[in-house]
Amino acid sequence: MARTKLKLPKPARTPDKLSTVAQLRKVARIGDAIGSATQALLKPTRSLGFPYRKPTAPKGVEVPAEPSKLGADFDTDFARKAPAKALRKIVTQGPVRALVRALADPEVVGLDRLADLERMDDPPAVIFAPNHHSHLDTGVMIVAVPEPWKSKLVVAAAADYFFDSRVKGTIAALALNAFPIDREVTGRKSSDELRRLLDTGWSLVIYPEGGRSPDGWGQDFKGGAAYLSNRTGAPIVPVFIDGTGSIFGKGMNKPKAGKSKVVFGAPLWPSDDENTRRYNARIEAAVTALGDEALTDFWTSRRRAAAGTNPKLTGPEYNGWRRQWALAEHRRLGKAGQRRRQKRRWPDLG
Amino acid sequence: MARPGFVLEVDKSTPPLLFWRGEGFSLEKLPAGRSRVIYPPEPLEAIKDVDGAILEALLNPIDSEPLPALLFPGMKLTIAFDDVSLPLPKMERPDNRQRVIEAVLDLAAAAGVDDVHLIAALGLHRRMHEYELRHALGDRIYDAFHGRGQLYQHDAEDLDNLEVVGTTDQGEVLEINKRAAESDLLVYVNINSVAMDGGWKSVCTGLASYRSLSHHHNPTTLENTKSLMGHRDHSALHQSVWRLGKVLRDSGPRIFQIETTLNTDMFPSPFDFINKREWEWTAKDRAIYLGTTKSLKRTPIKMARKIFHGMQGPHRMTSVQAGETSAVHEVTLQHVYRQQLVEVQGQTDILTMGIPFVCPYNPDGVMNPVLVMCMGLGYLFNMYRNKPLVREGGVIIMTHPTYKDFNPVHHPSYIDFYEQVLADTTNPAEMSRKWEQQFAEDEWYRHLYRTGNAYHGVHPFYAWYWGAHGLQHAGKVIIVGGEPAVVRRLGFTPASTMDDAFEIASDVVGRHPTISHMHVPALLVADVK
């Protein structure tokens, strides 16, 4: 069908070049007037100087840096106030839960091991110590941790990653009740603050590995969780999370939905005759045994635990392709392997 | 602090009392001035560190070396455990069996023991469903052992897997599970709800064959079992079992017995009002009672059963002891009596009791008429020490709907027992003589017992014999609220209301009889002086 073009009358243009130059000059004059008026306004402030302006530093004096409000110094107290708690409940019970279900579909086992703690008149705050393969682990833990701890749960998050900007830190604190913690050395402030949280009934999720696994295998446990447990008397609940590494492991650009499994272990209590290093080794051994239990079964895991032969979370000693090769085999046994399992079919014989 | 049990003399201000009526309740007024109610002690304080207490018991057993000293690489270790008949209602997870067996397995793993078998000690009870095994043992144990074929259920009819251990001086043959008999160590994990369980009865019935069980599960023995929950000297059944136990100790495998006792915290919220004394019911309790009873009346029976059988009781552990069977059991009995014993002065003319929805033989099933008799006359009547609460020739009044309803999967032989045997006779000795062998050797029942989830063909006879002493002792048995035809088939008298029942009872005990009411469950043992 032929389209009719609507023709509008063009506005009349004055080809008079002289009048255009006059207009430009007029605009320039107005601009100059505004500029000089602004200068006139700013001049007295500039002349006022300190304290209206930033002080200048005398020569030879080192000015101390402003205290940082980012990283481990990020103040997250607001996230534990009633309005933030209410908001977080909505977020964790709604979008976080839905996201975790959709991406990781966690199977939670071993909660019966927490029954004694749960049945106490005043269940104590505990430190959950899971292995760490993915950002999803925190979501999975928030979904998997049972009441009465779920509603008072703080997640220790890497200060340099989650709290390096105000916006990121505020979101992490609000949505996940994240608390900044140094990966390498738990500073005195962090540790005092975490102790205060435990003493006031908040339970913690601390990843003793200090960060997500770089290559799919676990990392050696750092002593932060053991130290806190030793100092506060709070029990540590070892947890093994299987499968999240292949859903959204470190280095993956986007998640790949699959299945995961969360195995809770029996609570571990600090002992008077055990230093932090040994206690930390006990926690690592417990998580290692749970890892074995998740991939094999309880009896196999207990026998290997007794013999000290549970497969290490850190994987084989060798490096290179063999390590990755072994990882593929290791994952095949776990939840990650279930995703790739093909449905059996009868052969097509024509 | 738990208050002890006590006997309430009923007066005019006593509120109506709670009676179970199967899958429901009723409140009944008892005559003032001549009635008394026996209330059980309140639940004792439970062990706080259960896993610690279990480990302590295993490392410091009674009259035995510590468990780790009995474990060595290359040995055959068998762990037998009580079946689904205990506790009632089922226990909140984790079950005590799981906790104890996990502790034993930890020690076995540390000792390098590879050959471990777990056997559900069913006796002639039905095989447990997978979900029941998972509940009792936990998913970890089930997943680790069942797939390997190292977790299974005892089969009292598997002749290839039974072994004769020996014979008592009275000719009783002890034949038990072959794997258990050939083990280097047999660990038995018991849950002790009532005083009659545990001790040598655990292995000598739970892992025994029909041939072996028939030596003590018969009318003669059970009529002479005058005190199931009390003194062993008054129980022909326990004397027989202890004789078999001596054979087991002398000629059988080494046994390491682990017994646990429970408090009477049996019902979860909102049903915890059942355990309370009526005058202490709060407004909430009364509202729940009213709401529950009214709605249960309108609920289809199958759904009501599902609700009740779905209950999981707290059942907190009050003690755990391990070691030599007899010595362990003596300590267990002290703990059971500490929780359940109530001192009562003298007998009365009438004993009243409410029959609940469950007995040891119908977990997740139907409380059929035979089991109503078994629960009333076999269990509740026998909850005494020294002498029964009701005088000889007195009247027993039970409340239960006593419908003609059976679970065909669990109780196939009960159906034929009801239709054929009870139509012929209710006399235990006579039915034993005329019918027992036919049921015991029936191939179809045997097949269902061995491969399905059915009680053994002879089991309804045993359930009936269990009440033999009560039948012999009582002058009349009345069931309030039961279907008349069914109640008559049992040989009892039906009544519509409690007042009618008292009226009917007056033929036997006169116009002004004395009455005892057992406020069960929770469980109690009346120590009648």
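# A tour of chains A and B

Start by selecting helix H1 (residues 50-59) of chain B, which lies across S11 and S12 of chain B and runs at about 20° to S12(B). Contact here asks for C-beta atoms, placed from the backbone, within 7 Å of each other. Angles run from 0 to 180 degrees between N-to-C directions, with axes as lines fitted to C-alpha atoms, for helices over the stretch in contact. Helices (H or I, at least four residues) and strands (E, at least two) are DSSP runs, numbered from the N terminus.

A word on the model before you go on. It is predicted: local features need pLDDT of at least 70 and side-chain atom pairs count only at pLDDT 80 or more, while totals for chains, interfaces and linings use all residues. Residues are numbered from 1 along each chain as its sequence is written, and chains are lettered from A and ligands numbered from 1 in the order in which they are written.

**The sheet of chain B**

Six of them make an open sheet of mixed pairing, ordered S7-S6-S5-S10-S11-S12 (chain B); strands pair if DSSP finds at least two bridges between them.

Zoom in on strand S10 (residues 185-192) and strand S11 (residues 255-262) of chain B: they run parallel, joined by seven bridges. Pick B:Asn190 and look for its bridge partner in S11(B), B:Glu259.

Next, select helix H3 (residues 96-110) of chain B. Its 15 residues reach 21 Å from first C-alpha to last, close to the 21 Å expected at 1.5 Å a residue (1.5 Å times one less than the number of residues). Since 13 of the 15 residues of H3(B) are buried, the helix is largely enclosed by the rest of the structure. Buried means 20 or more other C-beta atoms within 10 Å of a residue's own, with C-beta atoms placed from the backbone. Just after H3(B), click on B:Gly112, which takes a positive phi of about 75°.

Move on to helix H14 (residues 412-424) of chain B, and look for a kink of about 35° centred on B:Tyr418. The bend at a residue is the angle between axes fitted to the seven residues ending there and the seven starting there. Among the buried residues of H14(B) are B:Phe417, B:Tyr418 and B:Val421; their cover includes helix H13 (369-380) and helix H15 (428-440) of chain B.

**Across to chain A**

In chain A, seven strands form an open, mixed sheet in the order S1-S7-S6-S2-S5-S3-S4. Strand S1 (106-109) and strand S4 (178-181) of chain A are the edges, and the twist averages 25° from one strand to the next. Inside, strand S3 (residues 153-158) and strand S5 (residues 203-205) of chain A pair in the parallel sense over three bridges; A:Val155 has A:Val205 as its bridge partner in S5(A).

**Last stop: the contact**

Technical notes: A residue is buried if 20 or more other C-beta atoms lie within 10 Å of its own, exposed if 12 or fewer, and partly exposed in between; C-beta atoms are placed from the backbone. Two residues are in contact if their C-beta atoms, placed from the backbone, lie within 7 Å.
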